[in-house]
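Take a moment to look over the model below. Then read on for a short tour.

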Amino acid sequence: MARAALALVLTLATTVPLAAADIASGKKIAQRWCAACHVVAMDQNRASVDVPTFCDIAQRKSGEQLRTFLIDPHPKMPDMSLTREEIADIVAYIESLKP
């Protein structure tokens, strides 16, 4: 019985699609948390010069690399305590900036 339940859970976990990430929400989160240092949108005119733009990041990092990084950001970044959904949204937004 326990094996059957486990098999069902594993099957559902791999076949039921997760909620799609929200690019617009990711942009809003990025503008709130990231724009002080990064250029996060084309219409932004101020940011730190020594950090990459989101367009640069989109070209150099995969979605998985971004997810991993945002789960455990470097010490210079603020502790944003992002949820998995917020991370997925930011990653979707960054990936939407790829050429």
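This is a predicted model: local features need pLDDT of at least 70, side-chain atom pairs count only at pLDDT 80 or more; totals for chains, interfaces and linings use all residues.

Residues are numbered from 1 along each chain as its sequence is written, and side-chain values use heavy atoms, with hydrogens and water left out.

Start with the whole chain. The protein chain has five helices and zero strands. Along the sequence, its pattern reads α-α-α-α-α. Helices (H or I, at least four residues) and strands (E, at least two) are DSSP runs, numbered from the N terminus. Of the 99 residues in the protein chain, 26% count as buried. Buried means under 20% relative accessible area, exposed means over 50%, and partly exposed lies in between (1.4 Å probe, protein chains only). Contact means heavy atoms within 4.5 Å. Among contacts in the protein chain between residues at least 6 apart in sequence, 53% join residues at least 24 apart.

Helix α4 covers residues 63-71 and helix α5 covers residues 84-96. They pack at an angle of about 140°, and their axes are 10 Å apart. Axes here are lines fitted to C-alpha atoms, for helices over the stretch in contact, and angles run from 0 to 180 degrees between N-to-C directions. Angles under 35 degrees count as roughly parallel, over 145 as roughly antiparallel, 65 to 115 as roughly perpendicular, and the rest as oblique. α4 and α5 are therefore oblique to each other. Their crossing is right-handed. A crossing is right-handed if the near helix is turned clockwise from the far one by less than a right angle, and left-handed if anticlockwise.

Which residues of α4 and α5 meet? From α4 come Gly63, Leu66, Arg67, Leu70 and Ile71. From α5 come Arg84, Ile87, Ile90, Val91, Ile94 and Glu95. By class, this contact of α4 with α5 has seven nonpolar, one polar and three charged residues. Ala, Val, Leu, Ile, Met, Phe, Trp, Tyr, Cys and Pro count as nonpolar, Asp, Glu, Lys and Arg as charged, and the others, Gly among them, as polar.

Val91 sits in helix α5. Is Val91 buried or exposed? Val91 is buried, with a relative accessible area of 1%. Leaving aside neighbours within four places in sequence, Val91 is in contact with Gly63, Leu66, Arg67 and Leu70. Val91 and Gln65 are 26 residues apart in sequence, yet 9.5 Å apart in space, C-alpha to C-alpha. Glu95 also lies in helix α5. At 31% relative accessibility, Glu95 is partly exposed. Beyond its neighbours within four places in sequence, Glu95 is in contact with Ser62 and Gly63. Glu95 and Ser62 are 33 residues apart in sequence and 8.0 Å apart in space, C-alpha to C-alpha.

Helix α5 has another partner. Helix α2 covers residues 23-33. The axes of α2 and α5 come within 7 Å and cross at roughly 95°. α2 and α5 are therefore roughly perpendicular to each other. Ile23, Ser25, Gly26, Lys27, Ile29, Ala30 and Arg32 in α2 meet Glu86, Asp89, Ile90, Ala92, Tyr93 and Ser96 in α5. The residues of this contact divide into six nonpolar, three polar and four charged.

Next comes the salt bridge. How many salt bridges does a search of the whole structure find? It finds one. A salt bridge is a side-chain nitrogen of Lys or Arg within 4 Å of a carboxyl oxygen of Asp or Glu. Here the side chains of Glu64 and Arg67 meet (3.4 Å, N to O). Glu64 and Arg67 are three residues apart in helix α4, so about one helical turn separates them. Glu64 is partly exposed, at 49% relative accessibility. Arg67 is partly exposed too, with a relative accessible area of 31%.

Finish in the loop between α2 and α3. Gln44 is found there. Gln44 is buried, with a relative accessible area of 19%. Not counting residues up to four places away in sequence, Gln44 touches Ala35, His38 and Val39. Met42 is found in the loop between α2 and α3 as well. Met42 is exposed, with a relative accessible area of 74%. Met42 and Cys55 are 13 residues apart in sequence and 9.0 Å apart in space, C-alpha to C-alpha.
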